[in-house]
Protein chains: 2
Amino acid sequence: MGKKSIGVGLMGFGVIGSQVGRVLLNRAAHISEQAGSMVVLRKIKVIEPDLGTPKTDGIDPVLFTIDENEFFNTPDMDIVIEVIGGEKPARSYNERAIKAGKHVVTANKELIAKYGSELMELAKIHNVSLNYEAAVGGGIPLIAPLQKDLVANNIEGIYAIINGTTNYILTRMSSEDIDFAPVLAEAQKLGYAEANPSNDIEGIDAAYKLAIMASLTMEIRVRPEDIYCEGISKLESRDFRYASELGYAIKLLAIARHSNGSVEVHVYPAFVPEGSFLAKVDGVYNAVLVEGDLVGKVTFWGEGAGAKPTSSAVVANVIQAARKIACGDTSHSYWKIKPGKKIKPMSEITTRYYIRMTINDMPGALAGIAGVFGNCGISISAALQKEDNLEEKSAEIVIMTHPSKEEAVQAALKELNNLSVVKTINNFIRVEE
Amino acid sequence: MGKKSIGVGLMGFGVIGSQVGRVLLNRAAHISEQAGSMVVLRKIKVIEPDLGTPKTDGIDPVLFTIDENEFFNTPDMDIVIEVIGGEKPARSYNERAIKAGKHVVTANKELIAKYGSELMELAKIHNVSLNYEAAVGGGIPLIAPLQKDLVANNIEGIYAIINGTTNYILTRMSSEDIDFAPVLAEAQKLGYAEANPSNDIEGIDAAYKLAIMASLTMEIRVRPEDIYCEGISKLESRDFRYASELGYAIKLLAIARHSNGSVEVHVYPAFVPEGSFLAKVDGVYNAVLVEGDLVGKVTFWGEGAGAKPTSSAVVANVIQAARKIACGDTSHSYWKIKPGKKIKPMSEITTRYYIRMTINDMPGALAGIAGVFGNCGISISAALQKEDNLEEKSAEIVIMTHPSKEEAVQAALKELNNLSVVKTINNFIRVEE
């Protein structure tokens with residue numbers, strides 16, 4: 001028989017933390033029914049500026065503490081939720097919770113991406129569970145499906161639009177034919193992008209989430225620094241125009257896939273076929289396409305951020321942890337990392353490429369350029385000469401290649417840069433069919 | 001500590017059963033690793049015609065039996081999989097398995113839709129789990145997300161394209177502008193539709209799956225016969241043309257939603273806005289949109305049928321059941337039915353309507369028709385006079401209404417039928433925004 005009640009402690013009381021706190025308090029009966037035992041919020045660790053703000057209205061003041069020791073010394077606290085985010089002090093708080101034998105529920109993608117295996121090692125020693133559904137894709141069920149529902153499959157690939165800020169920006173650039181900078185400025189005004197947006201627009205946030213999904217499913221520990229990462233700031237509205245002409249949309253994709261015995265992991269803007277499912281994921285929505293050898297393609301779509309969706313995932317994890325505690329289930333899911341798997345160097349990946357450059361419009365220009373590709377063993381599938389500028393005697397050329405090795409394409413770009421007919425190489429985008 | 005190994009019995013060895021059997025045998029090591037204990041296939045109940053067919057090649061003949069008693073008397077069989085389908089003999093087999101204290105994994109939508117609560121009552125008495133992920137949406141994780149990952153939410157609505165055969169037919173009718181009968185014939189030739197297709201095209205299959213999802217999430221027992229069900233055979237290619245002109249696609253939707261204290265459950269072809277996610281679900285794919293009060297909208301998309309996807313769900317359920325057995329977890333998920341909730345009669349639902357009719361093209365015709373709608377309290381949002389037939393002096397009229405009560409619209413249709421200017425009412429389709 002399980003314990004009579006399960007105590008919960010909450011660390012962090014920002015936008016997400018206060019939402020989680022309210023759900024735990026306002027839905028106590030529903031949550032307890034689902035968990036099969038009383039689930040009681042016993043203590044909330046806040047920082048001083050939170051106290052006395054509207055967020056705390058109507059919540060018993062005795063629940064709040066600003067003192068770390070008081071928080072951790074709360075009696076009968078079985079589960080600790082961490083929704084502080086970032087490394088400090090979240091990392092040490094999570095470690096302290098685990099060492100004190102508490103099950104942990106966290107929404108902290110950076111922490112799990114960087115220190116997931118270390119935290120799981122620690123959790124294993126102390127025989128507690130580490131739950132992080134909310135770290136990836138907000139309220140969209142992703143971790144649990146990968147961990148449990150698709151577990152009979154060999155996961156062959158994950159293709160994810162997993163950052164709402166960048167997808168919002170790309171959607172507007174594409175539908176309104178405007179450039180990156182003005183859309184970013186507006187996204188910041190609307191609260192869709194942060195004042196310092198580099199974590200989102202450089203793909204770092206997406207890389208954290210990809211590191212977690214890849215480590216969970218591909219039997220290899222993928223750290224954020226293992227992921228080749230390219231952001232969206234280099235994109236221009238004309239790239240979207242050409243993409244559309246060629247039958248593609250441009251999306252920031254986080255990709256993990258098995259490839260001839262090694263694993264590819266990268267985040268970059270990519271051409272995706274207009275008719276494909278991922279091309280249709282617009283605005284702040286997220287979507288994760290998982291390819292399994294039994295299930296084929298399945299896609300999970302929804303709001304990937306926000307306080308309410310995140311609280312949905314956090315509270316689901318709390319209920320699952322409470323159930324496990326109540327029935328004495330001590331089998332916990334940790335990442336299954338196996339030796340021998342390698343991450344494929346970026347230079348070795350093979351894909352199709354879109355290359356846009358400005359050239360001096362003179363006889364033989366295109367022939368010279370085509371010659372470079374040929375020398376590098378790259379076969380061209382389409383070449384369009386676009387938007388002549390008669391005054392400057394220049395023209396824009398768009399090249400689409402057949403599947404080619406990244407190394408060869410990089411070499412070709414270098415040679416092209418040295419070619420006198422090439423004024424600038426404006427952009428270079430990979431294609432995912 | 002758990003038992004050393006978990007024994008599995010498999011009932012049914014058709015297309016799905018043989019695939020499940022192969023996965024259990026060929027991936028025994030992977031499955032055992034995920035389950036945390038050895039998972040061993042101990043017996044397969046087949047019917048005589050299966051024996052000696054290519055399906056059985058390479059499988060130890062001692063595993064097969066055609067004898068029900070021999071199957072159930074197999075020692076150390078903890079989990080029984082049923083992939084026979086239909087009511088007979090599946091129902092009595094499942095009951096026998098439960099009564100013998102075996103955990104059940106079934107892909108049988110008809111059985112769970114019709115007798116789910118009775119089987120769960122029985123399972124409760126015998127303290128075993130009843131797992132039915134594969135009964136809805138093939139390999140797409142749906143039951144587990146609804147049961148566990150979205151459990152903090154109040155589920156407000158479910159909107160599902162959950163039958164691949166009909167979605168394939170509708171996709172082709174729409175994209176190729178052809179009528180129902182020739183597409184059905186081709187779907188049958190391609191194996192996408194059965195020789196007797198009525199279960200699919202009349203929406204019965206979708207109603208089974210909706211009954212399961214609604215009973216799981218809406219605290220009310222929804223039986224297949226409670227679901228108002230309209231199929232797709234009445235649709236004509238011109239309905240798709242007009243829908244497209246008006247900015248809609250037509251999809252067979254299975255809908256369950258809370259509505260002023262009662263629950264609406266129905267399956268019918270519906271207009272869905274062209275830009276919406278469900279409008280973009282094409283071909284044999286399934287998609288289920290779930291609306292929760294915390295998570296907002298989340299959608300699960302993938303192949304909703306087929307042996308491989310179904311085996312993905314069945315084997316995941318086996319692994320979960322094995323984990324529970326191994327760690328002695330005896331808390332099982334059954335439907336939580338509460339008294340007091342009612343299913344809303346169809347006459348009381350409110351939605352927008354598309355009505356297509358042929359009229360005698362004479363002065364005052366449209367005025368007479370508009371008068372009927374006005375008398376019934378129905379407000380018209382758009383009226384188009386289409387495709388005059390000069391020879392027959394007839395014309396086709398399309399009416400779109402503002403939100404109206406079904407009862408009023410049915411009354412209007414009756415009156416229209418009595419109007420001398422109305423030759424025929426050709427179609428009548430509800431609109432889901």
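## Chain A overall

Of the 433 residues in chain A, 50% are buried. The model is predicted. Chain A contains 14 helices and 18 strands. Among its contacts with a separation of 6 or more, 74% join residues 24 or more positions apart.

The C-alpha trace of chain A spans about 85 × 45 × 35 Å along its principal axes. Its radius of gyration is 25 Å. A compact globule of 433 residues would have a value near 22 Å, so chain A agrees with that expectation.

## Helices α7 and α8 of chain A

Two packed helices are described by the angle between their axes and the distance between the axes. Helix α7 of chain A covers residues 164-176, and helix α8 of chain A covers residues 180-189. They pack at an angle of about 130°, with axes 10 Å apart. Angles over 145 degrees count as roughly antiparallel.

From α7(A), the contact uses A:T165, A:Y168, A:I169, A:R172 and A:M173. From α8(A) come A:F180, A:V183, A:L184 and A:A187. By class, this contact has 7 nonpolar residues, 1 polar and 1 charged.

## Helices α13 and α14 of chain A

What is the angle between helix α13 and helix α14 of chain A? It is about 150°, and the axes lie 9 Å apart. Helix α13 of chain A runs over residues 365-375, and helix α14 of chain A over residues 406-418. The two helices are therefore roughly antiparallel to each other. The crossing of α13(A) and α14(A) is right-handed.

On the α13(A) side, the contact residues are A:I369, A:V372 and A:F373. They meet A:A412, A:E415 and A:L416 of α14(A). This contact of α13(A) with α14(A) has 5 nonpolar residues, no polar residues and 1 charged residue.

## The contact between chains A and B

Chain A gives 45 residues to the contact, and chain B gives 45. On the side of chain B that touches chain A, four elements each supply at least two residues: α2 (28-35), α6 (143-149), β12 (296-303) and α12 (307-327) of chain B. The largest share comes from α12(B), with 11 residues.

How do the residues on this side of chain B divide into nonpolar, polar and charged? There are 21 nonpolar, 14 polar and 10 charged residues on the side of chain B that touches chain A.

Key: Residues are numbered from 1 along each chain as its sequence is written. Chains are lettered from A and ligands numbered from 1 in the order in which they are written. This is a predicted model: local features need pLDDT of at least 70, side-chain atom pairs count only at pLDDT 80 or more; totals for chains, interfaces and linings use all residues. Axes are lines fitted to C-alpha atoms, for helices over the stretch in contact, and angles run from 0 to 180 degrees between N-to-C directions. Two residues are in contact if their C-beta atoms, placed from the backbone, lie within 7 Å. Ala, Val, Leu, Ile, Met, Phe, Trp, Tyr, Cys and Pro count as nonpolar, Asp, Glu, Lys and Arg as charged, and the others, Gly among them, as polar. The radius of gyration is taken over C-alpha atoms; the globule rule is 2.2 Å times the number of residues to the power 0.38. A residue is buried if 20 or more other C-beta atoms lie within 10 Å of its own, exposed if 12 or fewer, and partly exposed in between; C-beta atoms are placed from the backbone. Angles under 35 degrees count as roughly parallel, over 145 as roughly antiparallel, 65 to 115 as roughly perpendicular and the rest as oblique. A crossing is left-handed if the near helix is turned anticlockwise from the far one by less than a right angle, and right-handed if clockwise.
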